[in-house]
Amino acid sequence: MDRNSRIFVAGHRGLVGSAILRRLTEAGHTDLVIRDRSQLDLTDQAAVRAFFDREGIDQVILAAAKVGGILANDRFGGDFIRDNLLIQTNVIDAAWRAGVKKLLFLGSSCLYPKYAEQPIKEEALLSGPMEPSNKPYAVAKIAGIVMAQAYRRQFGFNAICAMPSNLYGPGDHFEPETSHALPGMIRRFHDAKMAGDPTVTLWGTGTPRREFLYVDDMADACLHLMDHYDGEEIINVGPGDDIAIADLAALIRETVGYPGTLTHDLTKPDGHPRKLMDVSRLSATGWRPKVALEEGLRRTYTWFLENAAPERGARQAPPRQAPPRQAAE
């Protein structure tokens, strides 16, 4: 990426967007354009078009999305499909109309079929039934991928699409009711430790396997793809290995220093049985992650203690039907 390029990071206050902003700054990019929701509502087509017409953007990294875990997806499916369709449609179309040179759209490994053959190759997208618990989100994001590919074919727009594995790290959200599994467990174990609770209950059986990528590694991969990838095909981004949720919980318990025991609520859903992606396409471009899971957990818990933990010894009331987060700020 040319250091003189004018780059718009959509979703710069979210987990991924904030990491991308850090990485761009570290790489010496200074002409970075950011807008929070109060300055630019990405669901407003007229506002987004006016923004692109006015700002002279060269490159876009579209990390803005409405995101959440299984419970949030189940409760707020209408919000997920509506807002994600609006955000990505407005940004992709306005970027093309304004002559943007390149756009990176971020999907997710959860878009793949529930029972996709493991490890999941990029060609598996739309090859089977989706996981029901996140179908509204998945349908919206798949539409964004198809739109980017269609604009490339019809208009020659250089839009590329990356499929990250499960992401975690500094800047994550730790609300037990609406967060993803890893930050939610950090919060549960921390709260139980502070309160002296003897047991922490986790959702499901603990047998599903997930692939976790430290968010700063994801940011590095995004810059790498902007420099080294121009294909129409989606490209998986992950470490290439996975871990059972029960084993992840044991690692987090050790990281937090929680002395109690674990139980499982078998009435709660597991989601995908496994989501390990084939990352050979990305590896062929020369990129590898740098941060191992154990180190990433230590860094994440340190950030949580410094930025997101409740007061020591305090027990927070559970959230009441909190709406899903939007990483467009």
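This is a predicted model: local features need pLDDT of at least 70, side-chain atom pairs count only at pLDDT 80 or more; totals for chains, interfaces and linings use all residues.
**Group meeting: sheets, helices and cores**

Residues are numbered from 1 along each chain as its sequence is written, and side-chain values use heavy atoms, with hydrogens and water left out.

A word on naming: helices (H or I, at least four residues) and strands (E, at least two) are DSSP runs, numbered from the N terminus. Strands pair if DSSP finds at least two bridges between them. E1 and E2 do this in the parallel sense, over two bridges.

Now zoom out. The open sheet here has six strands, in the order E2-E1-E3-E5-E6-E11, with parallel pairing. At its edges are E2 (32-33) and E11 (235-237), each pairing on one side only. Helix H5 packs on this sheet and touches E5 and E6, its direction making about 150° with that of E6. For angles, axes are lines fitted to C-alpha atoms, for helices over the stretch in contact, and values run from 0 to 180 degrees between N-to-C directions. Helix H7 (residues 215-228) lies across E3, E5, E6 and E11, at about 145° to E5.

What about the core? A nonpolar core is a set of buried Ala, Val, Leu, Ile, Met, Phe, Trp, Tyr and Cys residues joined through side-chain atoms within 4.5 Å, and buried means under 20% relative accessible area (1.4 Å probe, protein chains only). The largest one has 43 residues, and Phe8, Phe52 and Leu111 are among those with the most contacts inside it. H5 gives the most to this core, with seven residues. Leaving aside neighbours within four places in sequence, Phe52 is in contact (heavy atoms within 4.5 Å) with residues including Phe8, Val60 and Val100. A second, separate core of 31 residues includes Ile61, Ala219, Tyr229 and Ile235.

Next, a helix pair. The axes of H6 (residues 181-195) and H8 (residues 245-256) come within 10 Å and cross at roughly 45°. Among the residues making the contact are Phe189 of H6 and Ile252 of H8.

Last, a three-strand open sheet, ordered E12-E9-E14, has mixed pairing. E12 (243-244) and E14 (274-275) each have a single partner strand, so one side of each is left without a neighbour in the sheet. E9 (residues 209-210) and E12 run antiparallel, joined by two bridges, and Arg209 has Ala244 in E12 as its bridge partner. Thanks, everyone!

Conventions
Buried means under 20% relative accessible area, exposed over 50%, partly exposed in between (1.4 Å probe, protein chains only).
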